[in-house]
Amino acid sequence: MAERDQHRLSPPSTAAITAATSTSFSQKHQVLLPHSSAHFFVWKEFLWGALAGGFGEGMMHPIDTVKTRIQSQAILRGSQNQKTVMQMIRTVWAADGLRGFYRGVTPGVTGSIATGATYFGFIESTKKWIDESHPSLGGHWSHFLAGGMGDTLGSFVYVPCEVMKQRMQVQGTSDSWNSVISKGNSGKIPGVQMYGYYKGIFHAGSSILKEQGPRGLYAGYWSTLARDVPFAGLMVMFYEALKDMTDYGMKKWSVTADYELNSTLEGLLLGGVAGGLSAYVTTPLDVIKTRLQVQGPDLKYKGWFHAIHRMWMIEGMSGMFRGSVPRVIWYVPASALTFMAVEFLRERFNRRVEDEHEEVASISIDNKGSLPEVA
């Protein structure tokens, strides 16, 4: 996240204005710098992150559906003749139509709202805490830790939503899912006994809780953290590093010395690059997480390390990076839209606060000149 606006001012209270009229000019400025301003901005980041996260997920959900189905083919339909991206798109459209691409969108948006809020809400305060209390961790490593911690806080809501979303995504329509269940029961897909069809988010949550308990809703929790903590940390680290490189390039090669790139455009371009790079690097972790979460009550993979071993022995490197193309295609625009929205809201809000502060400071200076002289 951008730190350039981190220290801008929040509107002073009436008491601060009153105190300013009876003190020196320097004292007025001290009054107009309340220590609680950082706390005020953190709560705004919660709101911005929630809105941006839900918007990005809703826009890019169809691509995420294709990615999830590609990664889960080995469990639901065996390892042979797995479909490519275009083949999977045609399959989903032929079987389920447009609705098939938006299966699971409600839990998906819900989880993204939660994790977006915690990611952007906590990341700035966490970065500040690390920079001020542990300067040895400063720089890009502090950005990595801040991103990982912010994402971890949202995992308690995000993971159950992710489990429901992905199971609904692979099901499609009730007819196509009943076909998968019949093949599993007939032995065409050995060792697979799948769960029933979910009609919606509440039906999915109650069914999973009834059949598997809380453990079912948090299936793949540690694998989710193993994917999302590195991803979130890498994304904000790449983003801040790219911003530093951009600032350096602008200072060195820009014709106009005071030229600055619009922060909204910067968020769009650099956020997309950072999200795409992070998504590709962490694809193997995403494949493992997806398969652990969609496998249902009959466990094909007993755990994280067992999944890695089996996937490597049966599918090799191609299996570890299965679904990397739609994953990157999803994260580039989703990250770009998310960072763009947050930078836009931050820029607009901070500009308004700065204008209000300048107006209050001007009033304070005028009031000083009208104070009665003391004998």
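This is a predicted model: local features need pLDDT of at least 70, side-chain atom pairs count only at pLDDT 80 or more; totals for chains, interfaces and linings use all residues.
**Exercise 1. Decide whether Arg69 and Gln169 are buried or exposed.**

Solution. 
Step 1. Recall the cut-off. Buried means under 20% relative accessible area.
Step 2. Apply the cut-off to Arg69. Its relative accessible area is 9%, so Arg69 is buried.
Step 3. Apply the cut-off to Gln169. Its relative accessible area is 0%, so Gln169 is buried.
Step 4. Of its 375 residues, 50% count as buried.

**Exercise 2. Describe how Gln169 is linked to Asp64.**

Solution. 
Step 1. List the neighbours, leaving out residues up to four places away in sequence. Gln169 touches His61, Asp64, Thr65, Thr68, Arg69 and Arg103.
Step 2. Check the separation. Gln169 and Asp64 are 105 residues apart along the chain, yet 8.8 Å separates their C-alpha atoms.
Step 3. Look at the side chains. Those of Gln169 and Asp64 make a polar contact at 3.0 Å.
Step 4. Widen the view to the protein chain. Take contacts between residues at least 6 apart in sequence: 82% of them join residues at least 24 apart.

**Exercise 3. Work out how helix 8 is oriented relative to helix 10, and what makes the contact.**

Solution. 
Step 1. Know what to look for. Two packed helices are described by the angle between their axes and the distance between the axes.
Step 2. Read both values. The axes of helix 8 and helix 10 (residues 201-212) come within 10 Å and cross at roughly 105°.
Step 3. Classify the angle. Angles of 65 to 115 degrees count as roughly perpendicular, so helix 8 is roughly perpendicular to helix 10.
Step 4. Name the residues. Helix 8 contributes Val163, Met164, Arg167 and Met168. Helix 10 contributes Ile201, Ala204, Gly205, Ile208 and Gln212.
Step 5. Sort by class. The contact of helix 8 with helix 10 has six nonpolar, two polar and one charged residues.

**Exercise 4. How many helices and strands are there in the protein chain, and how much accessible surface does it have?**

Solution. 
Step 1. Count the elements. There are 16 helices and zero strands.
Step 2. Take the surface. It comes to about 18500 Å².
Step 3. Carbon and sulfur atoms account for 64% of the accessible surface.

Conventions
Residues are numbered from 1 along each chain as its sequence is written. Side-chain values use heavy atoms; hydrogens and water are left out. Buried means under 20% relative accessible area, exposed over 50%, partly exposed in between (1.4 Å probe, protein chains only). Contact means heavy atoms within 4.5 Å. A polar contact is a pair of N or O atoms within 3.5 Å; within protein, one must be able to donate a hydrogen and the other to accept it, and residues adjacent in sequence count only if both atoms are side-chain atoms. Helices (H or I, at least four residues) and strands (E, at least two) are DSSP runs, numbered from the N terminus. Accessible areas come from the Shrake-Rupley method with a 1.4 Å probe; for residues, only the protein chains shown count as cover. Axes are lines fitted to C-alpha atoms, for helices over the stretch in contact, and angles run from 0 to 180 degrees between N-to-C directions. Angles under 35 degrees count as roughly parallel, over 145 as roughly antiparallel, 65 to 115 as roughly perpendicular and the rest as oblique. Ala, Val, Leu, Ile, Met, Phe, Trp, Tyr, Cys and Pro count as nonpolar, Asp, Glu, Lys and Arg as charged, and the others, Gly among them, as polar.
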